[in-house]
Amino acid sequence: MTPTGSFPAAGVSPAGGGPATGSFPATGAFPAQPTSAWPVSAPAGPPPHSAPPHAGGVPRGRSSVLALTLALLLLIVVGVQAAFIVRLESRLDKAEKAASAAKQSDETRLKTLEDRADKLEAKTGGNLDAAAVAESVRPSVFRVTTKYATGTSFALGKVPSGGGTNLITNYHVVQEAYEKGERDVSIERTNQRFPAKIIEAHPDKDLALLHTDEDFTRLVAAAQVPKVGDPVLVVGAPLGLEDTVTTGVVSAFRSLSGESLMQFDAAINPGNSGGPVFNAKKEVVGVATLKAREAEGIGLAIPISVVCETISIC
């Protein structure tokens, strides 16, 4: 057991050489180890920073370089696209100019061909190939019948909005049926009969418009007025005899009761009324409507221009 009292030091002299007479404290009587209240020196280490170190990511200098690189790449892309667009616009402009030049060239060639055709027609007297014209136009010409009369009608003009086919005839052919409130008529050719209706009547012009749900080839109205002496061909159903063809020339232009009429010398008879008169180009130039009773070779037709002005069909 560790002693707690004092005892004389053995063999130790004081600095002055005299006998040691002091006493030492007992074991465990020394002062305690320093506590937190005692001053403690700070450990050695690097001086404190003025700002905290950069926490992860790209340094500022490298970030600026990256941003500049991206900006340059974007400028390059924009420049390339702009150059591509300019080049494309240039090519489109060249293509449009080429197309315009080609169109002008085609129009010039077409005009030249038309002029040559007109000159050739003038040299030959506008000869009409009756067989070719008749073969082409007859499928569009019909006998029209009501309970009271027979005449001729023909398909003409543009396609009706509701489909089917519109046809022209004289008003006097359907007059009696129309005045009695009847609108149903029949159109016939090659032993076939098709129903049709009267949808417009113009007594002052002696014109009527028929409509059928059937689809037939429509004839074309002539854009130019024929000249006196030009050949013409008439297709109709005189006395009910459908597909009858006669030929002649334009004899004159007359005014009858204030109406302009075209005189021609192709033979027509009762039943031809409402039938088409053609030129050498297979175009309709008039609608046969009258003939002189006590003379031959004097027929009258309503000019196709009057038909187109009266009825919205051309």
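Analyst: The turns below take these features one by one.

Analyst: This is a predicted model, in which local features need pLDDT of at least 70 and side-chain atom pairs count only at pLDDT 80 or more, while totals for chains, interfaces and linings use all residues. Residues are numbered from 1 along each chain as its sequence is written, and side-chain values use heavy atoms, with hydrogens and water left out.

User: How is a salt bridge defined, and how many does the rule give?

Analyst: Side chains of opposite charge can pair when their charged atoms come close. The rule asks for a side-chain nitrogen of Lys or Arg within 4 Å of a carboxyl oxygen of Asp or Glu. The count comes to 9 salt bridges. In one of them, the side chains of E188 and R143 meet at 2.7 Å, N to O. E188 belongs to strand β4 (residues 184–189) and R143 to strand β1 (residues 141–145), so this pair ties together parts 45 residues apart in sequence. Helices (H or I, at least four residues) and strands (E, at least two) are DSSP runs, numbered from the N terminus. R143, E188, R193 and E242 are linked in a network of salt bridges.

User: Are E188 and R143 buried or exposed?

Analyst: Buried means under 20% relative accessible area, exposed over 50%, and partly exposed in between, with a 1.4 Å probe and protein chains only. Both E188 and R143 are buried.

User: Which parts does the pair of K205 and E259 tie together?

Analyst: The side chains of K205 and E259 form a salt bridge at 3.3 Å, N to O. K205 sits in the loop between β5 (192–202) and β6 (207–212) and E259 in strand β9 (residues 259–264), so the pair ties together parts that are 54 residues apart in sequence. K205 is partly exposed at 28% relative accessible area, and E259 is partly exposed at 27%. D215 and R218 also meet in a salt bridge, at 3.4 Å, N to O. There, D215 is exposed, with a relative accessible area of 60%, whereas R218 is partly exposed at 24%.

User: How do I read strand pairing around β2?

Analyst: Two strands pair if DSSP finds at least two bridges between them. β1 and β2 run antiparallel, joined by 5 bridges, and form a hairpin with 4 residues between them. F142 stands opposite S153 in β2. On to β3: 2 bridges join β2 to strand β3 (residues 165–169), again antiparallel, and A155 stands opposite L167 in β3. In strand β2 (residues 150–155), 5 of the 6 residues are buried, so the strand is largely enclosed by the rest of the structure.

User: What lines the second largest pocket?

Analyst: Rolling a probe the size of a water molecule over the atoms shows where empty space is left. On a 1 Å grid over the protein atoms alone, a pocket is an open set of points where a 1.4 Å probe fits, with protein on both sides within 12 Å along at least five of seven lines; lining residues have an atom within 4 Å of a point. The second largest pocket has a volume of about 310 Å³, the space filled by probe spheres set on the points. Its lining has 16 residues, with N269, P270, G271, S273 and K291 nearest the centre. The elements giving two or more residues to that lining are α3 (171–179) and β11 (284–291); β11 gives the most, with 4 residues.
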